[in-house]
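Hi there,

Here is the structure I promised to pass on. Have a look at it first, and my notes follow just below.

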Amino acid sequence: MKTNRILTIVAAAVLLMTSCSNDDERMLTIINEDGTCSREMTFHPDQETVMASLNEPIQSNGLHFGPDWERTWSIKGDSVRHTCPMSELQWDSLMNVWSEQDKPQTGLMHVKRQYQNVNEMSDSLTQAVRHLFKATASFDKHFKWFYTDYTYKEALAITDINQIFPVPLDRFVNADSASYWFTGEPNLAEGLTGAEQKEMLDDIEARISHWLNACTMSFVYAQVWLHYNDVKNPPVSKEQYIALKDSIVMSPAVRNMDLFNSISQISNIIKDFYQSDAYTPLFSDSTKWERMLETKYKSFNNLATMKPMLDYVMPGKVIDAGKGVVDGNVVRYRFSGERLIPHPFDVTITSRVTNVWAFVVTALVILLAIGCLFYRRIRIRIF
């Protein structure tokens, strides 16, 4: 069933935490001293995307780009950029050269925009992800005579997590455990043996699984309430039904539910809870539930597939990369969409530019002061 396929994607994304970024997919952000900036995103395109007219909007893994984004394409391992759109002949040639296994990872597409300031840039990212999460940024300059410090901050946060996950995560796992599961921080495994780590992770996984089951039950249960007028001879009133929602969502039956076959189990759980077959006919139309679940989990699926490496280039020399890693003149942050689930994803980078002119001016002032001192002494001796 299509429903099972959708839920398999969701469960795999949450429980297996395949959050390692694809080395080819990245978002490069360049910040200039005057506050102007640019952002370029690189990803593997399909044929339709890379061959699209420059006047047409394109999308990839939940990201949407309009005609105002510059577009180029390249071949993996080759730095030469080619103008878009790619021709059908170029696509066919590319496909003929590479093996079937390598074809999907052969081509790279690059989309780029220039901005007057970081606020404009962050608003653009929010638009590109269709408000799946909101980006906010700031750029501060601190003049200190001999050098100038520049601090760039960016925060990515899910705009309304309740729209994706209707049941709060903190009802199942504490903040540190949730953060460790989805982001790797704080490191709760420090000092634990392998067996102790497994025991801890098994416990967190079970709680995360229970949470995801509860979110699915909450959504389906609410849909039944919306169609309550179609229920014949319901065992409780519509008001009583919704009042009992929390009891059934948090029940042991939901905790032990198999997410890969949840719809039939949800039907049975509701049946057993109310000791009535009144709700069972609502689950007979599998196509309806497929559509609803696909719509429900589309946002999360888009979020889970976003795994670009975030690269930042700052003016001058980086003196504090925050939680990022400095690689030459680039600061790298490992990012994946599920890292936004427990809390916002924060980037903080500080760099320093040496003011050569300040040293020159200072040296001239010192030389002038020394010169004046000698001149005064010589004049005193003469007179």
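I began with the largest pocket, which holds about 370 Å³ of space. Please keep in mind that this is a predicted model.

The lining of that pocket is made up of 14 residues, and E185, K323, R339, F345 and D346 are the ones nearest its centre. By residue type, the lining splits into 6 charged, 5 nonpolar and 3 polar. Three elements each give at least two residues to the lining: helix α6 (175-183) and the strands β13 (330-334) and β14 (345-354). Of the lining residues, 3 come from β13, which is the largest share.

The other thing I looked at is K296, which sits in helix α12, spanning residues 286-304. Is K296 buried or exposed? With a relative accessible area of 13%, K296 counts as buried, because the cut-off for that is under 20%.

What does K296 touch, leaving out residues up to four places away in sequence? The list is Q163, I164, F165, P166 and F219. Along the chain, K296 and Q163 are 133 residues apart, while their C-alpha atoms are separated by 8.7 Å.

That is what I have for now.

Best wishes

Conventions. Residues are numbered from 1 along each chain as its sequence is written. This is a predicted model: local features need pLDDT of at least 70, side-chain atom pairs count only at pLDDT 80 or more; totals for chains, interfaces and linings use all residues. Side-chain values use heavy atoms; hydrogens and water are left out. Helices (H or I, at least four residues) and strands (E, at least two) are DSSP runs, numbered from the N terminus. Buried means under 20% relative accessible area, exposed over 50%, partly exposed in between (1.4 Å probe, protein chains only). Contact means heavy atoms within 4.5 Å. On a 1 Å grid over the protein atoms alone, a cavity is a set of points where a 1.4 Å probe fits but cannot get out, and a pocket is an open set with protein on both sides within 12 Å along at least five of seven lines; lining residues have an atom within 4 Å of a point. Grid points are joined across faces, edges and corners, and a volume is the space filled by probe spheres set on the points. Ala, Val, Leu, Ile, Met, Phe, Trp, Tyr, Cys and Pro count as nonpolar, Asp, Glu, Lys and Arg as charged, and the others, Gly among them, as polar.
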